[in-house]
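Let's walk through this model together, one piece at a time. Keep the structure open beside you as you read.

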Amino acid sequence: MVLGVEGMYLTKEEERILGGEDGWAKAKALEVIVKVGESLGAERLVNIEHAHISGVSYRNIGKHGEELIKSFADSGVRFSVKATVNPIGFDLEDPSSIPYATIDESYVGHQYNILTSLKAMGADLTLSCTPYYFPQVTSIKEGASVAWGESNAVLYANTVLGLRTNREGGPISLMAAITGKTYYYGLHLEENRVPRVEYVLDNKNNMDEADYGVLGEVIASIHEGINPPYLDISLDEISLREFLAALGAAGNLAMVYINGVTRGRVKKGELKKEMIYRKEIEDRREELGVKERPDLIYFGCPHAGVEDLRVIALQLKATKKKFDGKIVVTTSRGTIARLGKETIGILRSHGVRLIGDTCLVVSPFGYKGLRIATNSYKSLYYLSKRGIKVSLLSIRELRDVIEGW
Ligand code: F3S
């Protein structure tokens, strides 16, 4: 190893890349990673096995982001590791499918340019924020370092899959895909993955995914430091995903240690204990609950899995009502392909709008004053910032609201 200019130890190969022997694009990408790593105090880089690239929706990154990605692609550089990609700004099969959104030809063109550049560099265009449901990701060996953007996916990777990643921003996840490296810092180090505080719920009976979203908000507001909080809770896949997404939206956490889910040893006797009272969660749920008739009901943030769609279909089966696109679910193409005929049939016959490749947050959706109800704390968090009136509604509460619709 050799010492870099500012103090980070670099291998001969890394020095060679920085010197431009593999082209300017790879040198530039590595320089960015080294500089960020040095500013954080990282002593070296670490090889990664996969990257998940966020920040790819034209709505979010605009012309500058499009040009940055294009400049790398035009240089001829290729990704050094396999890379999946977060949702874009519309459904590729039907750009007009997002309600309350104006998507013109120019917007579509810019978004396609971004995709063309990513594809040219070797990206796997999964266009989903749930890369953890794709076999090319679940087959990565536990303990491997990866570089993922998208906070819900980062939490899932560290907490459930046993992968090691910090919460990378869109540009860093792109540079990491190009170089196959990131800085050895944060959750790549074992000592930062050990919980020190256990949060004890006085009553965890009968909690739904929206309750778990609120629990995520509560923990994010009180937990300090990078080490994961410890929880002894038992939750289904939908609640797990909504809980992790809420933690990521409401705070900076990148991992939780859930007993029975997260691998690794914990010295329970050494954990400091903090109580969380169910009353606090119930009061917040009440505050965020549906008070007026929503214009739209939204599920699928993070992208809905097969189980979500099966449970939504079960709720709808009991009614003969049709919803003419007023119930929207965003998901991945992979999940749509795996849906059973019965589920698809029920969703279609009830007029549920199933949208792929995008979501209401990363698309140009909504207007000030629009009322939506969702089971996703994360989408409530972000869509509320646009002036949209968002309330929380779990899937099991769906029937109560639609009966009066
Ligand atoms: Fe995914 Fe969009 Fe939510 S990218 S996590 S569905 S904000």
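How many bridges join β4 to β5? Four bridges join these two strands, which run parallel. This is a predicted model, in which local features need pLDDT of at least 70 and side-chain atom pairs count only at pLDDT 80 or more, while totals for chains, interfaces and linings use all residues. Residues are numbered from 1 along each chain as its sequence is written, and side-chain values use heavy atoms, with hydrogens and water left out.

Helices (H or I, at least four residues) and strands (E, at least two) are DSSP runs, numbered from the N terminus, and two strands pair if DSSP finds at least two bridges between them. The open sheet here has three strands in the order β5-β4-β6, with parallel pairing. Because β5 and β6 (147–148) stand at the edges with a single partner strand each, one side of each is left without a neighbour in the sheet. Within the sheet, Ile53 stands opposite Val85 in β5. Helix α7 packs on the sheet and touches β4, β5 and β6; contact means heavy atoms within 4.5 Å.

Next, look at helix α4 (residues 105–121). At 1.5 Å a residue, its 17 residues should span 24 Å, and the end C-alpha atoms are 25 Å apart, which agrees; the expected span is 1.5 Å times one less than the number of residues. Among the buried residues of α4 are Tyr107, His110, Ile114 and Met121, where buried means under 20% relative accessible area, exposed over 50% and partly exposed in between (1.4 Å probe, protein chains only). The cover over the buried residues includes β4 (50–53), α3 (58–74), β5 (82–85) and α7 (170–179). Just after α4, Gly122 takes a positive phi of about 110°.

Now for the aromatic rings. Rings of Phe, Tyr and Trp (its six-membered ring) pair if their centres lie within 6.5 Å; planes under 30 degrees apart count as stacked, over 60 as edge-to-face and the rest as tilted. By this rule there are 15 aromatic pairs. Phe90 and Tyr112 have ring centres 6.1 Å apart and planes at 45°, so the pair is tilted. Phe90 sits in the loop between β5 and α4, and Tyr112 in helix α4, 22 residues apart. Phe90 is buried, with a relative accessible area of 0%, whereas Tyr112 is partly exposed at 38%. Tyr132 and Tyr156 form a stacked pair, 3.7 Å centre to centre with 10° between the planes, and both are buried.

Methods: Axes fitted to C-alpha atoms, helices over the stretch in contact; angles between N-to-C directions.
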